[in-house]
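Thanks for making time this morning. I'd like to walk you through one structure, so please bring it up on your screens.

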Amino acid sequence: MADSVRVVALSGDLTVETCRDTLGMIREALIESPTVVIDVNKIRTVDLSFVHVLYAAKKWACRNGKRLELAGEVADGVAGTLCAGGFISERVNDGKQLEDQLLDFSCGESN
Amino acid sequence: MIDQFKESFRDEAYELLNSLESSLLELETDPKNEGELSAVFRSMHTIKGSASMFGFQHISRFTHEVETVLDSVRNGTVPVTKQLITLTLAARDHIRFLLDNDEPESAGPESDSLIAQFHELAAPSGSGTIAGQETTPGEQSPDFGGDSGGVVKDAGAASDRESHRGIETTYRVRFSPPRDIYRNGTNPLMLLKEMSELGEFTSVAHVENIPDMDDLDPELCYLSWDIIVTTDKGINEIRDVFMFVDDVAEIRIDVVADIDALLDGVTKKIGEILLERGVVTADALRRAADRQQRLGRILVEDGLDPHELDSALKEQRHVQRVRDRVQNEVAATNVRVSAAKLDELVDLVGEIVTLQARLSQLVEHDTNADLKTVAEGFERATDDLRGSTMSMRMVPIGTTFSKFKRLVRDLSEELGKKVEIVTEGGETELDKTVIDRLNDPLVHIIRNSVGHGIESPEARKTAGKTETGTVRLSATHSGASVVISISDDGAGLSAERIRAKAISRSIITEDAQLTDKELYDLIFAPGFSTAENVTQVSGRGVGMDVVKQAIESLGGSVGVSSEPGIGARITLSIPLTLAIIDGLLVELGTGKYVFPLSAIEECIERTGSDSDARMISNRGELLPVVELRQVFAVNETPPEIEQIVVVRSAENTVGFAVDRVVGEHQTVIKSLGRVFRDLECVSGATILGDGSVALIVDVQRLTNLALQFETARR
């Protein structure tokens, strides 16, 4: 039986070069587990391709009755990018806050 | 306390009425200028709001009606016409009358008449009446229970204007990059970063088009943005950010708030923002407003994309945040102080200047080094204090200039002439008291220029000129004075007619030999007028005489020049201030006198051989000399070597013989009081460091006296 919660620990610079791998890891976890927690603790920087992956995974999870959550400390670089990109309105420190703040990141509104 | 608030409101309202008048006159020459139209609307709107707050209910009701029509103008349903401008100027005058007279009941019929005219003007056949506010959906914004915020439709023109003024404007940029933007090497985040560097920045991403991961190509971009930025940069600098993608991306830039709107405290209702963005229709908004519930929720229920609502809300918050900041900055940096308090401060500074002079004199022969150091420090501080205080009273003359645009407009209509007024140097500053006292002389001169100087359109055409004449009003600094010039391109002065008139009025004799320049100067003689017909505009024969007296009472001078067929020019030279001046202290016997330093060209010695000469040779020219000893009846024996103070006033240079030049003196001008009010040749007095009094010489009157004396002698 699959784990009820699966943690995907991402790290380093998540950019357009690595986005397919990132998407693959999250997809695999979501298919296998009802709840997936993305550990953002070791992510150093992100670009818009990561944002696409995150939202696309969330939409898939919502549509398939699964949960996608964020956890861990959010690096300044990551929060800054999300802020400048207009995805969050103020800087956040941890994954849970980020989940709450991300624009249209809840299943109720995004679908 | 309430009276104080009312006075404060009056002051503010007078300023707003002046701005309103200027904007209306600008709008008349450029009816498509939406910036000026917005300014007209905001002035009226602010007067209405403040009047209501301070209990001026008549003004509030009246301005409300006018504002309603102006709103229709702003929405494009009523055109800007000459009739509208004339009517709004009349409304402006009426508000001024109501303010001046504390809203008399007798003003009611005039208010009703003006309002009726506005309604008539704003009710074209086939469309709804203004009173009923019937509108065509899509043509006019409905009222959603709040004030609209002065939407500037032509973003390019408005933003360039704001940029030139170096003040902030808030823009909305809707940016939709192409899907394959990464593949052409552009990172949208870098564009957003560049935008954030332009000023206060809010961005809202639209994520709704990102598919779920089964359909996602992570190398494509599914995002778009609404970017709100408040910046002092122009629209072109914003366009430059998107320079490399503007042919493949969708980019729309709109102005959402300019600095005037922010200062007025006006922010748009959410309905207006959504309407501007084109995501809801006026009809949908009107229906939603009728349901008396939260607009956003209703609109979403009716099908509005919630992302659009969220983005509009963020724009509204951004503008509110900037508005609060701007208003706080203004409140923190500006304090409104009554002119009376400033006068009081200047008086006190005058006392300090006098005390400082006394202190300096006392320590001059004192051996206490510490005391000398303190006295020197006090002198420097007093000098700075004097400069700062005087600068507080300085106001730009442009505020007075702008009033004359209206004067010229009304006069030219009355006389059937075509006249435009050009103003230059409006930023030139003068003491407020001086500016207030300049108003009447300038009105006289401009009335004469339009009435006598500028010809009728037909006469101008015959003379090979354009039908429209020009009156040019300019101001410029010249040392411690400001030179104001009023020129026109009319027919110029006629020396022959002036001569004939002067003879008929017994101002000169038939055999008097006068140059053209001397004849022109006769227009300043009491009772002189060349007008064939006495009209309301000019020709009463008192104008230029009054002008001369008024300017001389300010310590200034007036001159005239003219070229037949080309035009005439009146030049006023006015001292910067009337309160404290830099003077030159001189002695005559045991008495001390002060000359205004700004009028002095040089000081030269007069040796024994020239001691009785009424004219001396100076730099190759004959210089008339006035014996001040005779003027002031000084009987003590003169020194062997006298000093001549050479003074230039208007276009004459005259020397004044004095015993000794003491040196420069900061002169606090004190009035001589009623007893000595009619004393000629003295414009005031000042207290010296030793407590004695020195008289301030009225250079202009002395010069006139000397020249009259010289003419009579010849």
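First, the ground rules. This is a predicted model: local features need pLDDT of at least 70, side-chain atom pairs count only at pLDDT 80 or more, and totals for chains, interfaces and linings use all residues. Residues are numbered from 1 along each chain as its sequence is written, chains are lettered from A and ligands numbered from 1 in the order written, and side-chain values use heavy atoms, with hydrogens and water left out.

Now the interface. Chain B puts 29 residues in contact with 26 residues of chain A; contact means heavy atoms within 4.5 Å. About 2,300 Å² is buried between the two chains, and carbon and sulfur atoms give 65% of that. Buried area is the accessible area, with a 1.4 Å probe, that two parts lose on being put together, summed over both. On the chain B side, B:Leu189, B:Met213 and B:Pro218 lose the most area, together 31% of what that side buries.

How many salt bridges are there between chain B and chain A? The count is 4. The term means a side-chain nitrogen of Lys or Arg within 4 Å of a carboxyl oxygen of Asp or Glu. B:Glu219 and A:Arg20 meet this way, at 3.4 Å, N to O.

Which elements of chain B supply at least two residues each to the side touching chain A? Helix H7 (188-196), strand S2 (200-206) and helix H13 (306-333). These are DSSP runs, numbered from the N terminus: helices are H or I, at least four residues, and strands are E, at least two. S2(B) gives the most, with 4 residues.

On to the aromatics. Over all chains, there are 6 aromatic pairs. Rings of Phe, Tyr and Trp (its six-membered ring) pair if their centres lie within 6.5 Å; planes under 30 degrees apart are stacked, over 60 edge-to-face, the rest tilted. A:Tyr55 and A:Phe105 have ring centres 5.4 Å apart and planes at 90 degrees, so that pair is edge-to-face. A:Tyr55, A:Phe87 and A:Phe105 form one aromatic cluster. In chain B, B:Phe175 and B:Phe242 make a tilted pair, 4.9 Å centre to centre, with 50 degrees between the planes.

Last, B:Thr389, in helix H15 (residues 369-392) of chain B. Buried or exposed? B:Thr389 is buried, at 1% relative accessible area. The cut-offs are under 20% for buried, over 50% for exposed and partly exposed in between, with a 1.4 Å probe and protein chains only. Leaving out residues up to four places away in sequence, B:Thr389 touches B:Leu345, B:Val346 and B:Val349.
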